[in-house]
Amino acid sequence: MQLTDNHNRPINYLRISVTDRCNLRCTYCMPEQGLQFEHKQNLLTFPEMSQLIRIFSEMGVDKVRFTGGEPFVRDGLMELIQEVSGLNGLDEISITTNGTVLNEEQLQTLKASKVRTINLSLDSLDRDTFQEITRRDNFSTVMKNLDLIMKFGFDIKVNCVVMPDKNIQEIQSFVEFTKDKPVTVRFLEEMPFNGASRDFTGIKWNHVKILDHITNLFPNSEQLPVPESSTSSLYQARGHKGKFGIIPSFSRTFCGTCNRVRVSHHGMMRTCLYGENVLDLKELIRSDTSEDEIKEQIVNVIQKRAKDGFEAQANRSIKESMTKIGG
Ligand code: SAM
Ligand code: SF4
């Protein structure tokens with residue numbers, strides 16, 4: 001089976017949020033005091049997540065990303081990943097993490113699973129700036145864990161949110177970082193999903209400006225091909241082991257080939273990051289609804305997908321945090 005939306009886009013990628021909790025308080029994501037976190041009984045259990053992932057895989061989803069909140073703060077994640085790694089339909093499993101709480105044993109488990117790529121969020125290569133952005137002093141742990149992840153041979157994508165008042169000066173350092181490290185640094189435009197922790201009136205540095213800035217600094221950068229559904233461009237500065245890319249997450253130039261859907265920690269399905277929740281999957285799997293009926297309802301909401309993030313956002317004022325949607 002191949003899921004296709006009402007704009008003829010194949011849907012084969014599920015992003016599932018393991019938890020809304022997190023040990024960091026990144027300024028672009030959460031208020032300092034945190035959020036009203038979901039009660040345990042409202043979270044999808046791991047068997048429920050596993051069931052949903054199986055259902056999606058039977059519908060043609062072959063790629064799953066675990067995100068959050070911080071996925072590694074929820075106990076049992078390794079068992080869940082081991083279990084869904086056994087699904088025949090799944091080719092690719094990945095994780096997005098802040099890299100603060102993972103350990104060698106977990107990486108060993110992941111290495112034996114279908115996880116090949118780990119996305120590590122890191123917005124600064126400077127300890128003080130890291131602390132200013134995340135409101136926590138975890139920089140050295142993250143750098144140590146970055147090396148550990150590399151040692152285990154995972155593909156590493158470093159996600160760096162570009163914020164003019166905080167880390168513009170580090171764009172150069174991040175590209176230089178790719179000289180000896182075989183990682184791909186992706187610069188993300190900031191989005192409004194900060195849990196109403198600060199005003200968001202748009203961005204001053206969009207993907208074009210970021211790229212101009214980098215190509216001025218590294219004129220010998222070469223553009224590399226990417227899969228059609230990729231949200232990121234890809235470049236390599238001459239002689240560098242690693243690569244860099246830019247994700248127009250606010251400009252949303254990639255919506256035309258968007259292949260993804262999201263399920264939150266509390267089982268809400270979204271067909272666009274900028275849109276509303278469209279289906280309560282927790283309620284469905286906790287009721288006596290058959291799996292065939294659940295699949296039918298999934299198909300129905302996929303048939304009503306907004307054509308892009310601007311259409312999905314129309315008439316909405318975004319106050320949510322990424323942790324409530326699954327980043
Ligand atoms: N805690 C994990 C982490 O930080 O990698 C996973 C969840 S986090 C919500 C997923 C990604 O969303 C991170 O790369 C983070 O930088 C990004 N993110 C969160 N809020 C954002 C925002 N307002 N604008 C752009 N990216 C954001
Ligand atoms: Fe936590 Fe990730 Fe949000 Fe930072 S971006 S507060 S690490 S969930």
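Student: Is aspartate 165 buried or exposed?

Tutor: In this predicted model, aspartate 165 has a relative accessible area of 55%. The cut-off for an exposed residue is over 50%, so aspartate 165 counts as exposed.

Student: With which residue does aspartate 165 form a salt bridge?

Tutor: The general idea comes first. Side chains of opposite charge can pair when their charged atoms come close. In the present case the partner is lysine 166, with the closest N and O atoms 3.4 Å apart. Lysine 166 has a relative accessibility of 13% and therefore counts as buried.

Student: How many salt bridges are found in the whole structure?

Tutor: A search finds 18. One of them joins aspartate 5 to arginine 305, whose closest N and O atoms are 2.8 Å apart. Aspartate 5 belongs to the loop between S1 and S2, and arginine 305 to the loop between helix H9 (291–302) and helix H10 (309–313), so this pair ties together parts 300 residues apart in sequence. Both aspartate 5 and arginine 305 are buried. In another salt bridge, glutamate 190 meets arginine 198 at 2.8 Å, N to O. Here glutamate 190 is buried, at 9% relative accessible area, whereas arginine 198 is partly exposed, at 27%.

Student: Which residues are linked in a network of salt bridges?

Tutor: Such a network links Arg54, Glu58, Glu291 and Lys295.

Student: Which residues come nearest to ligand 1?

Tutor: Of the 19 residues around ligand 1, the nearest are Tyr28, Gly69, Ser121, Met191 and Met322. To read such a site, one may look at its polar atoms in turn. A nitrogen atom of ligand 1 lies 2.8 Å from a backbone N or O atom of tyrosine 28, and a nitrogen atom of the ligand is 3.0 Å from a polar backbone atom of glycine 69. Serine 121 has a side-chain N or O atom 2.5 Å from an oxygen atom of ligand 1. Taken alone, ligand 1 exposes 540 Å², of which the protein buries 95%.

Student: How do the residues of the shell around ligand 1 divide by class, and what is found around ligand 2?

Tutor: The shell around ligand 1 has seven nonpolar, nine polar and three charged residues. Around ligand 2 there are five nonpolar, three polar and no charged residues. Those around ligand 2 include Cys22, Cys26 and Cys29.

Student: Where does asparagine 8 lie, and what is its phi?

Tutor: Asparagine 8 lies in the loop between strand S1 (3–4) and strand S2 (10–11). Its phi is near 65°, a positive value in a residue other than glycine. At 65% relative accessibility, asparagine 8 counts as exposed. Arginine 252 also has a positive phi, of about 55°, but is buried, at 6% relative accessibility.

Methods: Residues numbered from 1 in each chain as written. Chains lettered and ligands numbered in written order. Predicted model: local features only at pLDDT ≥ 70, side-chain atom pairs only at ≥ 80, totals over all residues. Heavy atoms only, no water. Near = heavy atom within 4 Å. Polar contact = N/O pair within 3.5 Å; in protein donor to acceptor, adjacent residues only side chain to side chain. Areas by Shrake-Rupley, 256 points an atom, 1.4 Å probe, with all protein chains shown as cover. Nonpolar A, V, L, I, M, F, W, Y, C, P; charged D, E, K, R; others polar. Helix = DSSP H or I, 4+ residues; strand = E, 2+ residues; numbered from the N terminus. Buried < 20%, exposed > 50% of the residue type's maximum accessible area, 1.4 Å probe, protein only. Salt bridge = Lys/Arg side-chain N within 4 Å of Asp/Glu carboxyl O.
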